[in-house]
Amino acid sequence: MLLTIDVGNTHTVLGLFEGEDVIEHWRLATDARRTADEIAVVLQGLLTQSPLLKGADIDGIAICSTVPSVLNEMREMCRRYYGDVTAVIVEPGIRTGVPVRMDNPKEVGSDRIVNALAAIDQYGGPCVIVDFGTATSFDAVSSKGEYVGAVTAPGIEISVDALAAAGAQLHKVELVRPRSVIAKNTVEALQAGIIYGFAGQVDGIVERIAAELADDPDEVTVVATGGHAGLVVGESRSIDVHEPWLTLIGLRLIYHRNVA
């Protein structure tokens, strides 16, 4: 089985593949202070507690991270506790098969390249990936499978936290769809602003990206992923596919490209 680990700024998502299928998955808070030994304890606890994995063996690990300090500890964890398992870490020198057409390719986060590979493999190009994480990221991929550019906006949770911190009579609310757009109380007013506001943002940005990306914007496939994607997918008119495991799928593909 292949263990895939996507370390984001806010959450770390882990998925276990049997062949091409995700058979188990977990979501943890990313903690930059956590050591390699602590990571190993948490990981082994998750693996042993899952009723689906009794007696299962991990024969490969694939990791990408946007947090350098955590990546260093992940590397040490693999060395100390899984030394006999082949580990692929997405970093310079790893074959991804995705040409990066940016002014400085090194600025592009590894998770965004991983997502681009998965989207092209699963849905073809041209495509736009909308990743609802700490930031809301829009990644443009050409019909040739090239990563050609990006848009980055504040994420849903960051925006909610900022609004609650700046407004004396505002507070954090449960992120769910309100009864109507025109709200009758403060909680639902905040929910409407968050859900429909971000849906409108997504549609507006995607429309502009698609117009630049392809001669026929209708040919562009829009793929949503990330922890908060489920909040917006149903309210957006531009999103075609919701794939919560897009990054994990990309990690699986990169692992097999680099391990003979």
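Which helices and strands each supply at least two residues of the lining of the largest cavity? I found that strand 2 (11–18), strand 3 (21–29), helix 1 (36–49) and helix 2 (68–81) each do so, where helices (H or I, at least four residues) and strands (E, at least two) are DSSP runs numbered from the N terminus.

Before going on, I noted that this is a predicted model, in which local features need pLDDT of at least 70 and side-chain atom pairs count only at pLDDT 80 or more, while totals for chains, interfaces and linings use all residues. I also noted that residues are numbered from 1 along each chain as its sequence is written, and that side-chain values use heavy atoms, with hydrogens and water left out.

Entry on the cavity. Grid points are joined across faces, edges and corners, and a volume is the space filled by probe spheres set on the points. I recorded one cavity of 30 Å³ or more, and for the largest cavity a volume of about 160 Å³. Its lining has 15 residues, of which Thr12, Leu28, Arg34, Ile39 and Met74 lie nearest the centre. Helix 1 gives the most to this lining, with four residues. By class I wrote down eleven nonpolar, two polar and two charged residues, with Ala, Val, Leu, Ile, Met, Phe, Trp, Tyr, Cys and Pro counted as nonpolar, Asp, Glu, Lys and Arg as charged, and the others, Gly among them, as polar.

Entry on the annotated residues. I located Asp111 in helix 3 (residues 110–123) and Asp131 in strand 6 (residues 127–132). Asp111 is buried, with a relative accessible area of 15%, and Asp131 is buried at 14% (buried means under 20% relative accessible area, with a 1.4 Å probe and protein chains only). Leaving out residues up to four places away in sequence, Asp111 touches Asp6, Cys64, Thr66 and Asp131, a contact meaning heavy atoms within 4.5 Å.

Entry on the loop. Pro126 lies in the loop between helix 3 and strand 6, and the peptide bond from Gly125 to Pro126 is cis, with omega near 0°.

Conventions:
Buried < 20%, exposed > 50% of the residue type's maximum accessible area, 1.4 Å probe, protein only. 1 Å grid on protein atoms, 1.4 Å probe; cavity = no way out; pocket = protein on both sides within 12 Å on 5 of 7 lines; lining within 4 Å.
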